[in-house]
4 protein chains.
Amino acid sequence: MKEKIGIYLIGAYGAVATCAIVGAKAIAAGLSDERGLVTSSELFRGLDLPPVKDFVFGGCDLRKTSVLEAANEYRQRNNLLPTELLKALAPELKKVNDNIGEGIALGAGATILKIARARQKQNSVLQEVEQFRARLAKFRKDNKLDQVIVVNLASTEPHLDVPPEYKSLKDFEKLMRANAAEKFVPSVLYAYAAFSEDCAFVNFTPSLASGIPALTEMAEKLRLPHSGKDGKTGETLMKTVLAPMFMARNFKVLAWEGYNMLGNRDGAVLDDPSNKRSKTADKDKALRSIIPDPDMHTRVSIEYVPSLDDWKTAWDFIHFEGFLGTKMVLQFIWQGNDSMLASPLALDLARLTAFARRKGEYGPLTHLACFYKNPMGVTEHRFDRQVQILEKYVEKHLAGKKNKQVKK
Amino acid sequence: MKEKIGIYLIGAYGAVATCAIVGAKAIAAGLSDERGLVTSSELFRGLDLPPVKDFVFGGCDLRKTSVLEAANEYRQRNNLLPTELLKALAPELKKVNDNIGEGIALGAGATILKIARARQKQNSVLQEVEQFRARLAKFRKDNKLDQVIVVNLASTEPHLDVPPEYKSLKDFEKLMRANAAEKFVPSVLYAYAAFSEDCAFVNFTPSLASGIPALTEMAEKLRLPHSGKDGKTGETLMKTVLAPMFMARNFKVLAWEGYNMLGNRDGAVLDDPSNKRSKTADKDKALRSIIPDPDMHTRVSIEYVPSLDDWKTAWDFIHFEGFLGTKMVLQFIWQGNDSMLASPLALDLARLTAFARRKGEYGPLTHLACFYKNPMGVTEHRFDRQVQILEKYVEKHLAGKKNKQVKK
Amino acid sequence: MKEKIGIYLIGAYGAVATCAIVGAKAIAAGLSDERGLVTSSELFRGLDLPPVKDFVFGGCDLRKTSVLEAANEYRQRNNLLPTELLKALAPELKKVNDNIGEGIALGAGATILKIARARQKQNSVLQEVEQFRARLAKFRKDNKLDQVIVVNLASTEPHLDVPPEYKSLKDFEKLMRANAAEKFVPSVLYAYAAFSEDCAFVNFTPSLASGIPALTEMAEKLRLPHSGKDGKTGETLMKTVLAPMFMARNFKVLAWEGYNMLGNRDGAVLDDPSNKRSKTADKDKALRSIIPDPDMHTRVSIEYVPSLDDWKTAWDFIHFEGFLGTKMVLQFIWQGNDSMLASPLALDLARLTAFARRKGEYGPLTHLACFYKNPMGVTEHRFDRQVQILEKYVEKHLAGKKNKQVKK
Amino acid sequence: MKEKIGIYLIGAYGAVATCAIVGAKAIAAGLSDERGLVTSSELFRGLDLPPVKDFVFGGCDLRKTSVLEAANEYRQRNNLLPTELLKALAPELKKVNDNIGEGIALGAGATILKIARARQKQNSVLQEVEQFRARLAKFRKDNKLDQVIVVNLASTEPHLDVPPEYKSLKDFEKLMRANAAEKFVPSVLYAYAAFSEDCAFVNFTPSLASGIPALTEMAEKLRLPHSGKDGKTGETLMKTVLAPMFMARNFKVLAWEGYNMLGNRDGAVLDDPSNKRSKTADKDKALRSIIPDPDMHTRVSIEYVPSLDDWKTAWDFIHFEGFLGTKMVLQFIWQGNDSMLASPLALDLARLTAFARRKGEYGPLTHLACFYKNPMGVTEHRFDRQVQILEKYVEKHLAGKKNKQVKK
């Protein structure tokens, strides 16, 4: 019998979640092909991945709106998601709405709360977690789900100096009980609650979430799969594709200057230096991991340009030295729609996580490295090598399936 | 005892050969590091490659000048190869000159002959080959060389519809004896002569050379290593680095438009449509091999812009479709010095070919695929995968060396 | 009493005409502001230009479709002209359709006829002209128009070696009567018919139209205003803005290489070398007029990239030399929607032509130079200087109006 | 008899001054043409400008080196100023050195002093001025000069909140006497000293210099010409060329994001936020003056990228809205050599200032607006209109000359 899978989206009214939901429903209705979904490419043919069209969506958000409204707003700002499509999908989108509740405001930071027009409640840390667990449980029960995957698509959180208590689950839980509110950001509470409710966790954001030692320990103990962090969608993807070439040709990269501009809600959040700090660290880390030269000058700038909306534009200027000290230049300009790049990857991660869980795999899913700017449990940042890890994983499972069939 | 290795450059006064010679001499004199030489990168540490500094250079050209003059001309046009450097290396460069003779004009085409201010002689095909063999033999003898590697760095030849006689060595030789001059281009005669003189052959150009069946057969028979064709230095390198990413992310590439501009002698030759045809075919083939979508619109344009001299500039515009039919754009601008990109690769190929011969390897050297736009005997065009073939080759030899040491 | 003005669009189902009609109707309905209309800018405040919202539209096309269908097709391909807008304007757009008839196929060339799925009829040259005159007269009568302006927005015609008979009206008419069909292109017949029907003429295309001596003579004789040719919308606009700076700073422009890509019907037509020839000549002429240096290397390339639809993308690479022979580079990338750039200018020209006629001005309207790649009767190509000619024209009329008011 | 003109350069060992001196000497020696000098273009033919070749150079700097050393350093970092040229000019460059003394360190700021390896002396404000006046007087006397023009080419000073005492000469002098060191930056002392020594002043930097009311008053009183501020060489030049086009076409500029990178000493100074503040203000002001839309989003970023040396690279992304709300994009990439762009303009300004003084013109030279980012006494920022002011000035003087000749 077919498994019924729930995808619980944190930041459910955000652009990425909106496009993921609309996209999945459009595919289900036969109104869109599966272009852009990695898991729908040739490589995965024959693998029993759960189909995107059967996903049951739910989630939470700090803003108050509806999926349809969010989709309409997105359409108006970006000239995508045509009116006809949204009209056709409206009944389905309304149904999703019933599964969307409130998010955790504790530790979200002033900028996010302001943009969401939300405010932090007087709840204790434990109360926040309990209430969120109750919402997850209700989602599962209401929809008779076999498994639920929590996917973090919220805006980048403010930077938090990781407290020493994050090093073990025991201390982390003690800290929660001590109600040390200033030592928490929502993502760690979301991940803790997800694990407590027997849900796998996907961290598509640069936030801490399940990546802290305490929660890695918890996932291991409860035999739950998780992965993260920070979806690799645009400029960083390009960096991890291009940087290995400079190494392979023995060029000296003198400077790699990356200027990013975007105008969506995410961009507005990143205008707060504390939130930006979490983001740029991930972007630089990937590059420095591939090109370890300490002399290399790098810059990662992310700026808010409202008129661009979701059309992220990046200019990268790469100054490099070749034979006989010759200085040369490579520049690239990336003009991508942020949510249309991110949302299919979020669906891919949900499919692959559901598959992994069904196969009894748990802990950090290292074969998902190619999806992340800063992959958990993996030091490999070169994109093509990460893709090969995934290829081998698929081949292993295809071989296993074949063996089984042979055995029958 | 150390092997004495001769590098015989076809097109010895061209910019690539000039930079290769000056570069090797600068390294030998301790006036330059080995940046840009792939074989000097970390990967090759421990492998007994012949050092660049010990190479003995010779070659041929249709033009009449000297290495030093060619280098000075290059400096004036490109603001590279500083006066001080050329002054310091002048005695060494003059010595190389003694090893440089005339090239084969038969079949070189009107444009090349005009630019070289050369003219075709009344020689028969066999006479051309014999004279060239004699020059190779003299180079070997004069310099007491243990092995000679012929490296083709000449300008792109005019397009030749490959005659059916090229399919077997027997027919090819018959055609030579029949003196069917219009069915020959210099590169195949160079390769034939090289093999006849027990020399390995490196075809860095888009010309036919040793890649035709007759000569592949000859190399196999004489147990000589060879490789080609068309060094992968700039825009095509970028294509084979970037294209796999579009496949991995399941994007549909709608259009990949590549505009190249260059102003060196090579560019002037490419202004002749017949010569250009050989070149653009190689560039497009690599891309279509990685992205087999027949709907993809592509263009490869190469234009002569004299003021650019050796500074090849390419603009690539890549239009691609992602999730929900969203069209996005990646553009890159490559500003590289053509000869400074090509010359270290020519030296790399010479080193690796000399090494392969010493190890008794022969036939097409498929592990050199990452150096070529259109690698012989290999269907893999994805750059990173090609690099891995080379990595495995190096690992194998390093392991072999270790085993030997252990046995002692 | 208010004058009733008819705008008769040649190529009425083309993208430019479609956007012009939809735009005017959207402005009339209060659903769009007048951004992009030059004549709605500050400069023209106080001048009695006929309002765009009062224009009565008609026209002809070789294709058979409707304005609404053309608009819907445009929306689907370009993600512009939102469904809601078209729905609101549908009744108005349907009315325009009643005023749209057949165009002249004689001399349109194989490529245009194929794309339009039209074929040339067995009409004589005179019959074509007569039939077209009848359509213009009907448009005027049906809509009770005070004046009609014919605006040529058709695709670029094939190149025609201008026959000597074009030099005088008498010979031109003789040629028509002789039915020398191969010596005519539609644009000259359109212009002749327009003048015969007492209509002013605007040539927004690179086609010959009213610019030939015979028709200039005719306009003069009949005291009719006209202008052309080839709307200056994108890359050429940029050239005429930037080129004067290089002159003012005494830089030597070594090379100006312009690569244009577009994917609309216009682009498909330009894929025919004969049609392209008319276009690129205009583009290069403007640049060479500003920078007369014969050494300057230039290129104007226009290529058809279907996926771009109406989003014309141009890359210009400008290589220039400054102090002490220093070579420097300016590059620009223009990503504009061709029809959204052209259509408001077509409306501007109609307004200014109607105004000129009301004022009794006739012959080539030289004050409209800033709208054209190749302005009739003007040698000035520098954009800013052209703008100043227009400014002075406006000031003159504003002063005149003020004087009149004073007199009252 | 010919006037003997001295050019006193503040920042004489900086890259701009170095290139100006080398360039003038190369022209004098017939080793370079006058390309890049505005005043050597066609427009000025017939005007009696003092020839660049006759200029006597002197100056001051905080660093200790020589013109030849500075030129050699520049050559090594930028691959310009060829060895042969410097060798040929060495005797002339050494002579210039005799005229170069110490600069004013008072108020130069920590960053500049550190880079110059200089330190502030215990001098009072008045002592600094007196010593500098003495140096100017000596330069004039030693070289028997008819007039001396002081040209400020120093690095950008730290930001100074302009003290109220700068509003009148009287208060300014009182402040000097009060030795209020923290209220002074070197540029105002340089300008004060220059005027006191009967020298005209050219402020090529964004520093305050002669632009403060007190010194404008002084120049007027002493009938001395001066001009400034901040040479318009690259990105801002482009802005003032392009911005008028957006206005003329009635486009709405949504965002104009400018990212500048440079790696010379000037860039290192701008890495100090206080120095950067002076610079970016000028750059933004010009744009906002042309496009007054308060909604327009702008950014001016200047970053230090050491490997670029003097090759300033700017990427400007311009997002604009046209007809029917259509958003379009123009991007440009400027790759210019900063000093080779600036130095000829500095020579131009010296020539035109010398000419103006000879003609008895004084106060702010408003006809020089096209040379400056922030021209003194002029609100016009549109480049082409500024060029026309200069054209009219030249025409007036040519007419005057003609009249004189006629009179004779």
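**View 1. D:E92 sits in helix α3 of chain D.** In this predicted model, the helix that holds D:E92 covers residues 83-97. Is D:E92 buried, partly exposed or exposed? With a relative accessibility of 31%, D:E92 counts as partly exposed, because that value falls between the 20% limit for buried and the 50% limit for exposed. While you are here, look for D:L68 as well: D:E92 and D:L68 are separated by 24 residues in sequence, and their C-alpha atoms are 9.5 Å apart in space.

**View 2. B:S301 is part of strand β8 in chain B.** The strand runs over residues 297-304. B:S301 has a relative accessibility of 10% and therefore counts as buried, the limit for that class being under 20%. Which residues does B:S301 touch, leaving aside those up to four places away in sequence? Within chain B they are B:G258, B:Y259 and B:N260, and from chain C there is C:Y259.

**View 3. Helices α1 and α12 of chain B cross at roughly 65°.** Here you can follow α1 (residues 15-28) and α12 (residues 338-358), whose axes come within 8 Å. The crossing of α1(B) and α12(B) is right-handed. On the α1(B) side, the contact is made by B:A15, B:V16, B:C19, B:A20 and B:A24. Their counterparts on α12(B) are B:S339, B:M340, B:A342, B:S343 and B:L347. What is the make-up of this contact in nonpolar, polar and charged residues? Eight of the residues are nonpolar, two are polar and none is charged.

**View 4. Chain A superposes on chain B by a rotation of 180°.** The shift along the rotation axis is 0.0 Å, and the RMSD is 0.0 Å. The two copies are thus related as by a two-fold rotation axis. The same surface serves both copies, as 100% of the contact residues of chain A recur in chain B. Which residue of chain A comes closest to the rotation axis? That place belongs to A:F332, with its C-alpha at 2.1 Å from the axis.

**View 5. Chain D superposes on chain A by a rotation of 180°.** For this pair, the shift along the axis is 0.0 Å and the RMSD is 0.0 Å. How much of the contact surface of chain D recurs in chain A, counted by residues? The figure is 100% of the contact residues of chain D, with the same surface serving both copies.

Note on methods:
Residues numbered from 1 in each chain as written. Chains lettered and ligands numbered in written order. Predicted model: local features only at pLDDT ≥ 70, side-chain atom pairs only at ≥ 80, totals over all residues. Heavy atoms only, no water. Least-squares fit on C-alpha atoms with pLDDT ≥ 70 in both. Contact = heavy atoms within 4.5 Å. Helix = DSSP H or I, 4+ residues; strand = E, 2+ residues; numbered from the N terminus. Buried < 20%, exposed > 50% of the residue type's maximum accessible area, 1.4 Å probe, protein only. Axes fitted to C-alpha atoms, helices over the stretch in contact; angles between N-to-C directions. Left-handed = near helix turned anticlockwise from the far one by under 90°. Nonpolar A, V, L, I, M, F, W, Y, C, P; charged D, E, K, R; others polar.
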